[in-house]
Amino acid sequence: MRKNIIAANWKMNGSLDFNNNWFEEFYNLLKNNNKDFNNIEIIIAPSFLYIEQINNLRTYLFNKFDNKFKIKLATQDISEYENGAYTGQVSVSMVKDFDVDYVIVGHSERRSLNNENNFEVARKTRKALENNLKVIACIGETLEQRENNQTKIIVGEQLDSIIELCSDVNNLSSNLVIAYEPVWAIGTGVNASPEQAQEVHSFLREKLAKYNKEFNNITILYGGSVKPNNAKELFNQQDIDGGLIGGASLNAKSFMEICLAAL
Ligand code: PGA
């Protein structure tokens, strides 16, 4: 089922104090604007080290709002392995100990800085889905690829490798979320125009439907320099179901404005 999702990717940012302050500010904003957020899922992906703290903070928020409003918790990566000699990696069973709902896989920073390839991203996706974690799988082309008219080839290949490995997993259309994040738009302040983003989203949705009619309902997010002043126009596009937000999510007020733009 297509869901409206606004996800915060905090990357390697945050501290115990920062996180507490962010939640306090977000709580005050929620309390004061009195909106009903039932139609969107709000997700926060902190560094692994702060998962437990954010889990506690979101429970605190949940209690404050009569158990009606629960922020979802995500990790920024996950191991494709169960356990063992994988120094520095974190497994699905570990994150499940902390009530994590989602894992992000294949972020372009991991693809470029950690040399993750399409197959590895697909294996991580399958591992998480098989263990009842929801997945936000990121795909996107570089500037050079866009300029060489390769956008659809590149994102098509990235999508294919995930779907080919995971198409038989139960409830794929409700548990898998795709995030289209053009690499040239991430952290640059230059977002894809709503038309550019919509074109790729509709291509991805058609491609998904060719695998299985039901996959037409997979949620597809846009990410890359989403800010309060461009969010609404992007989210208004027919095939854009929300956003994966980096820089602007570190400011509780900006993040709230982006959430409001999705209502
Ligand atoms: P940005 O990052 O919003 O800072 O461009 C998006 C992302 O990397 O997910």
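Predicted model: local features only at pLDDT ≥ 70, side-chain atom pairs only at ≥ 80, totals over all residues.
Visitor: Which residue in E5 stands opposite Ile104?

Guide: Ile104 faces Ile136 there.

Visitor: What about strand E3, how many bridges join it to E4?

Guide: E3, residues 72-75, has 2 bridges to E4, and the two strands run parallel. In that pairing, Ala74 stands opposite Tyr102 of E4.

Visitor: Are the residues on the two faces of E4 buried or exposed?

Guide: Buried, on both faces of E4, which spans residues 102-105. Tyr102 and Ile104 are on one side, while Val103 and Val105 are on the other.

Visitor: Why do side chains end up on two faces of a strand?

Guide: Because in a regular strand they alternate between the two faces of the sheet.

Visitor: OK, new topic, the ligand. Which residues come nearest to the ligand?

Guide: There are 13 residues around the ligand, and those that come nearest are Lys11, His107, Glu181, Gly187 and Ser225.

Visitor: How far is the side chain of Lys11 from an oxygen atom of the ligand?

Guide: An N or O atom in the Lys11 side chain is 2.6 Å from a ligand oxygen. For His107, a polar side-chain atom lies 2.6 Å from an oxygen atom of the ligand. For Glu181 the corresponding distance, again from a polar side-chain atom to a ligand oxygen, is 2.7 Å.

Visitor: And what share of the ligand's area does the protein bury?

Guide: 97% of the 280 Å² that the ligand exposes when taken alone.

Definitions and conventions
Residues numbered from 1 in each chain as written. Heavy atoms only, no water. Near = heavy atom within 4 Å. Polar contact = N/O pair within 3.5 Å; in protein donor to acceptor, adjacent residues only side chain to side chain. Areas by Shrake-Rupley, 256 points an atom, 1.4 Å probe, with all protein chains shown as cover. Buried < 20%, exposed > 50% of the residue type's maximum accessible area, 1.4 Å probe, protein only. Helix = DSSP H or I, 4+ residues; strand = E, 2+ residues; numbered from the N terminus. Pairing = 2+ DSSP bridges.
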